[in-house]
There are 2 protein chains.
Amino acid sequence: VKRDGGKRIGVVIAAGGSGRRIGGVPKQFRDVGGRPLLAWSCARFSAHDGVGPIVVVLPDDLVADPPPWLGAWDVRVVAGGATRRDSVRAGLAGLDETIDSVMIHDAARPFVSEDLLDRMVASVGGGPVVPVVPLADTIKRMRSRRGEDATLVEGTVDREQLRGAQTPQGFPFGLICELHEQAARDGILASDDAMLCERAGVPVRGIPGERWAWKVTQPEDLALAKWLVASGRVPWPGDPDR
Amino acid sequence: VKRDGGKRIGVVIAAGGSGRRIGGVPKQFRDVGGRPLLAWSCARFSAHDGVGPIVVVLPDDLVADPPPWLGAWDVRVVAGGATRRDSVRAGLAGLDETIDSVMIHDAARPFVSEDLLDRMVASVGGGPVVPVVPLADTIKRMRSRRGEDATLVEGTVDREQLRGAQTPQGFPFGLICELHEQAARDGILASDDAMLCERAGVPVRGIPGERWAWKVTQPEDLALAKWLVASGRVPWPGDPDR
């Protein structure tokens, strides 16, 4: 797969978690509109002719016998690690070294739009880039008094400059591989990959994210995801009417 | 209305905004499941026997001829001001001075549950209290370089202690009235009412908020609100099967 200019943009889809917060089957395999949650990300990236190859990071114990529906796409499956960092690192190692850039994506965000991928593809050549959204709530910093049950508010954080970071996040391939090696050596557990760039002083740009690229974390999010599919708000990638 | 111990808990429902972000009719009057958005808050607080009286703050130009459906509840209507602060202050002035506590609520959060109101009623006697929820996204602090279009990430904010604040927020009545007077004198524009307590050094407690007490800000939120009603996830307050 080649995009304009012949640059190759690989993809790592992180689906190595056990998803215990929702309960039952790990959340990346939960049904959303007749398809596993993870299938939506696989279909979305596969349907975009500007990206590829694609590596899917699965829980360790599933790699020997991956779910058969993954065979619908040209994806490589690799085994995840104990932490998100280890899983992403394993995914990066599963891409060949001729890749120019890489998008790292959390399978818990099933509904990235074609438009967002277009904008990521157009931006990632310029260095690290992340989709960001404003925060609707007033943001409080909490503290807890020792020996007290109640959680006290320490103060309000000015949210003018704050944004919620989504995925996919895009990076020059060599850079993010090196930063992940460093993070593993230094024992750094980042909550996203852009943090590793920030830590190294490498500029990261924000581009507008999307309401429905939100992260599925609770049972209510699964119900919401099913509704988005049922209502036609998020067509199956690759369908002619998308 | 009396709750345990004979304490009276007034309510201010802030619906004085022009709701321009969604476009068209101000958002508090947009249809959600056959009822205006604001009607959901009126019904919820009216159905709870632990709270009242209730003051609804409307846009200035609507107060002379308020929407007839507001007549379904025993609410007092007052005119809002140019800012949320002025509107809340007008709402507080519309409550009689024998109130012990007050809950201040944004009409843009239509689906506060009976359970959350129960917990607020049980807590507000102990001083200021706000419902808070964890943040699912990694939180970035942005900066903009002068003369550049791209928005740069300054860094990642540790979200362990951060929470999104919802409404209703509960306060001792005399305290919040005094703090609002001060804020008006000092020209302070707070993004919520708890901030005025924080500024004055008065402790504010957090209690667990709710997924569906989120704030309607975008067109997608209105669609989501309609689905929550249609799917039976948020029964009309007062219905026997609630």
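1. The area buried between chain A and chain B is about 4,000 Å², and carbon and sulfur atoms give 55% of that area; buried area here is the accessible area (1.4 Å probe) that two parts lose on being put together, summed over both. K140(A), Q161(A) and R211(A) supply 15% of the area that chain A buries against chain B, more than any other three residues.

2. On conventions, this is a predicted model, in which local features need pLDDT of at least 70 and side-chain atom pairs count only at pLDDT 80 or more, while totals for chains, interfaces and linings use all residues. Residues are numbered from 1 along each chain as its sequence is written, chains are lettered from A and ligands numbered from 1 in the order in which they are written, and side-chain values use heavy atoms, with hydrogens and water left out.

3. In terms of contact (heavy atoms within 4.5 Å), 49 residues of chain A meet 50 residues of chain B. Of the interface residues of chain A, 100% are also interface residues in chain B, so the copies meet through the same surface.

4. Chain A can be laid on chain B by a turn of 180° and a shift of 0.0 Å along the axis, with an RMSD of 0.0 Å. That is the relation of a two-fold axis. The superposition is by least squares on the C-alpha atoms of residues with pLDDT of at least 70 in both copies.

5. Eight salt bridges are counted between chain A and chain B, each defined as a side-chain nitrogen of Lys or Arg within 4 Å of a carboxyl oxygen of Asp or Glu. One of the salt bridges joins the side chains of K140(A) and D192(B), at 3.0 Å from N to O. K140(A) is also among the three residues named above for buried area.

6. Strand β9 (151–157) of chain A is one of the elements that each supply at least two residues of the side of chain A that touches chain B; strands are DSSP runs (E, at least two residues), and helices likewise (H or I, at least four), numbered from the N terminus. β9(A) gives the most to that side, with seven residues. β9(A) also pairs with strand β12 (residues 205–208) of chain B in the antiparallel sense over two bridges, where pairing requires that DSSP find at least two bridges between the strands. Within β12(B), G206(B) is the bridge partner of T151(A).

7. G52(B) and P53(B) are joined by a cis bond with omega about 0°, and P53(B) lies in the loop between α1 (37–47) and β4 (54–58) of chain B. The bond from T167(B) to P168(B) is likewise cis, with omega near 10°.
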